[in-house]
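Subject: Structure handover and notes

Hello,

My notes follow below it.

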Amino acid sequence: MSIKERVIVAYARTKLSSRKVGEDVENPLHDWVQLKVRETFKHDEEFRRVLGKKSLDKIDREVFEQYQLHKFRKQMAYVMENSHYYKKKYGEAGIAPDMIRTMGDLDRVPLTEPADLAEEPYYFLCPSQSKIARTFSTSGTTGKNKRLFYTKDDLFNIIDSIAAALRSAGLKSNETLQIMFPAVVAWDPSLMLESACKVAGLKSVVCSAVDVDEQMRSVKDNQTKVIIGLTSFIYRITVMARDKFDLRSFGLKAIICSSEPLSEAVRREMEDAWGCKCLSQYGMTEMGLATAIECYAQTGLHINEADFLVEVIDPDTGKRLPPGEEGELVWTALSFQGSPLLRYRSYDISKFILPPCDCGHITIGKMGKPKGRRDAATKIGLGDRIFPVLFDEAIMNVKGVLNYQLVIDKPSFRDRLRFTVEYNGNEATGKDEVMAAILELEPIKIGLENDLLEPIEVEMKEVSKEFSPKMKPIVDRRQSYDR
Ligand SMILES: [Zn+2]
């Protein structure tokens with residue numbers, strides 16, 4: 001590190017709350033969130049006034065929701081003052097921050113559509129461009145790029161939350177995090193993770209090699225204790241490596257699966273192979289990626305609720321749903337300054353789970369495992385909408401399966417389902433097992449019984465040398481008027 005870099009890192013460290021959370025506390029993420037609320041209480045007179053308290057001893061859910069509402073009002077005032085988009089949108093809706101007193105009042109605040117962000121990203125920019133330290137671009141489904149702007153403080157904030165989350169996964173200061181995202185990923189999360197580790201005083205190594213031996217050498221040489229990376233990428237390495245290496249002997253503490261859903265079938269296989277917990281992480285790109293991570297209880301993903309307010313809405317009516325009910329997740333960035341999004345539609349289907357959690361969290365809630373994007377759901381036969389996750393659980397459960405793709409078309413009056421499965425092992429037995437697993441699924445059974453589906457087709461494919469992330473699990477080639 002150059003002197004300049006060292007000065008920057010030293011300065012950044014003084015700003016991190018995660019550094020103030022002791023290394024051996026039982027639940028670092030929980031203590032970190034509590035610390036953030038206490039810091040706000042200490043420095044923000046308005047918050048003390050809202051709570052009507054001079055001192056803060058216990059932070060229960062009620063106090064915590066007051067903290068979130070306070071941050072929401074402040075953020076709303078900030079964007080109405082600084083962002084062209086919100087000035088106009090909220091002005092036209094005739095709403096003001098002081099109208100938001102309870103969580104129920106949030107229904108009055110119009111939702112933000114991803115298409116608006118893709119259309120005019122600069123309408124969301126709040127400070128002058130000279131204050132922007134980094135810009136992230138994400139490709140939207142419409143082909144237009146969404147752009148998000150982050151100030152230096154925003155980046156520290158993200159780094160801080162990543163550090164708290166990594167500590168919660170069990171990583172200690174003298175231990176190494178192995179970062180495994182393939183180099184082909186469009187936006188490289190490795191950079192952010194690497195700097196988070198550097199600032200937070202954790203060790204890290206980036207290894208994006210597709211070569212299994214090289215990955216294992218890195219685990220061994222660096223005495224890696226936690227792995228984080230693209231779900232399908234880590235899974236692929238696991239399947240290819242487990243026959244050659246005794247993976248359990250490496251003594252990993254945890255594997256964090258990021259950027260893609262983690263099916264229970266894949267989780268079981270990886271936990272079995274490595275002998276450690278496999279945790280799912282959910283990153284919303286528009287919220288800076290570090291948004292939710294599973295704890296050891298594995299009953300949902302803890303949201304960084306100190307920096308994000310998450311609601312669940314009925315996707316058709318836009319109305320808020322109570323905790324526990326399934327709907328679309330809606331996110332508000334409570335702390336960002338660059339281009340914060342309020343009540344931003346994710347199109348992801350899940351639910352909100354109130355604390356407490358078995359891991360000891362009493363303040364922050366969880367989101368259920370995301371079921372998939374609302375627009376990724378497909379109807380087959382005349383049945384209900386089904387999510388790709390249904391096939392994930394069935395097909396990935398077959399040992400040796402690395403990936404699959406389903407192409408749906410409609411050559412006659414029946415839907416035709418053709419699966420291509422990337423597989424490592426004896427193809428004939430693999431094919432039988434995959435076929436059996438698919439035929440067990442209820443919507444398939446019903447479709448076949450009622451003559452709404454053509455016979456299912458399964459084609460097995462050898463493992464390819466290249467790794468292609470985000471192979472679309474379902475390709476729908478049917479023509480339809482209602483889509
Ligand atoms: Zn928990």
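Helix H9 (residues 212–221) has three buried residues listed here: Gln-215, Met-216 and Val-219. This is a predicted model, in which local features need pLDDT of at least 70, side-chain atom pairs count only at pLDDT 80 or more, and totals for chains, interfaces and linings use all residues. Residues are numbered from 1 along each chain as its sequence is written.

Some terms before going on. A residue is buried if 20 or more other C-beta atoms lie within 10 Å of its own, exposed if 12 or fewer, and partly exposed in between, with C-beta atoms placed from the backbone. Helices (H or I, at least four residues) and strands (E, at least two) are DSSP runs, numbered from the N terminus.

Back to H9. Seen down the helix axis, the buried residues fall within an arc of 95 degrees, so they line one face of H9. That arc is taken over the directions from the helix axis to the C-beta atoms. An α-helix has 3.6 residues a turn, so residues three or four places apart point the same way. The face turned away from the buried side carries exposed Asp-213, Glu-214, Lys-220 and Asp-221. The buried residues pack against strand S3 (176–180), strand S5 (224–230) and helix H10 (231–241). Contact here means C-beta atoms, placed from the backbone, within 7 Å. Just after H9, Gln-223 takes a positive phi of about 45 degrees.

Next, the sheets. Two strands pair if DSSP finds at least two bridges between them. An open sheet is formed by 9 strands, in the order S4-S3-S5-S6-S7-S8-S9-S14-S13, with mixed pairing. Strand S4 (203–206) and S13 stand at the edges with a single partner strand each, so one side of each has no neighbour in the sheet. Within this sheet, strand S9 (residues 301–303) and S14 run antiparallel, joined by 2 bridges. There, Leu-301 stands opposite Met-367 in S14.

Strand S11 (residues 327–333) is worth a look too. How many of the residues of S11 are buried? The count is 7 of the 7, so S11 is largely enclosed by the rest of the structure. Strand S10 (residues 308–313) runs antiparallel to S11, with 6 bridges. Phe-308 stands opposite Ala-333 in S11. On S11 there are also 4 bridges to strand S12 (residues 344–350), again antiparallel. Gly-327 has Ser-350 of S12 as its bridge partner.

Now the core and the domains. A nonpolar core is a set of buried Ala, Val, Leu, Ile, Met, Phe, Trp, Tyr and Cys residues joined through C-beta atoms within 7 Å. The largest one has 115 residues, and Val-226, Ile-255, Trp-331 and Ile-395 touch the most other members. Helix H7 (residues 152–168) gives the most to this core, with 8 residues. Domain 1 (1–173 + 283–373) and domain 2 (377–476) both give residues to this core, so it lies between them. The domain bounds come from an automatic or database domain assignment. The C-alpha centres of domain 1 and domain 2 lie 37 Å apart. As for Val-226, its contacts beyond four places in sequence include Leu-166, Leu-171, Leu-177, Leu-252 and Ile-256.

Some single residues to check:

- Tyr-282 is found in strand S7 (residues 277–282). Tyr-282 is buried, with 26 other C-beta atoms within 10 Å. Leaving out residues up to four places away in sequence, Tyr-282 touches Thr-291, Ala-292, Leu-301, Met-367 and Pro-370. Tyr-282 and Pro-261 are 21 residues apart in sequence, yet 8.0 Å apart in space, C-alpha to C-alpha.
- Leu-289 sits in the loop between S7 and strand S8 (292–294). Leu-289 is not a glycine, but has a positive phi of about 75 degrees. Leu-289 counts as buried, with 20 C-beta neighbours inside 10 Å.
- Asp-451 lies in the loop between helix H14 (442–449) and strand S20 (457–462). Asp-451 has a positive phi of about 60 degrees, although not a glycine. Asp-451 is exposed, with 10 other C-beta atoms within 10 Å.
- The peptide bond from Pro-355 to Pro-356 is cis, with omega near 5 degrees. Pro-356 belongs to the loop between strand S13 (352–353) and strand S14 (366–367).

Best wishes

Technical notes. Two residues are in contact if their C-beta atoms, placed from the backbone, lie within 7 Å.
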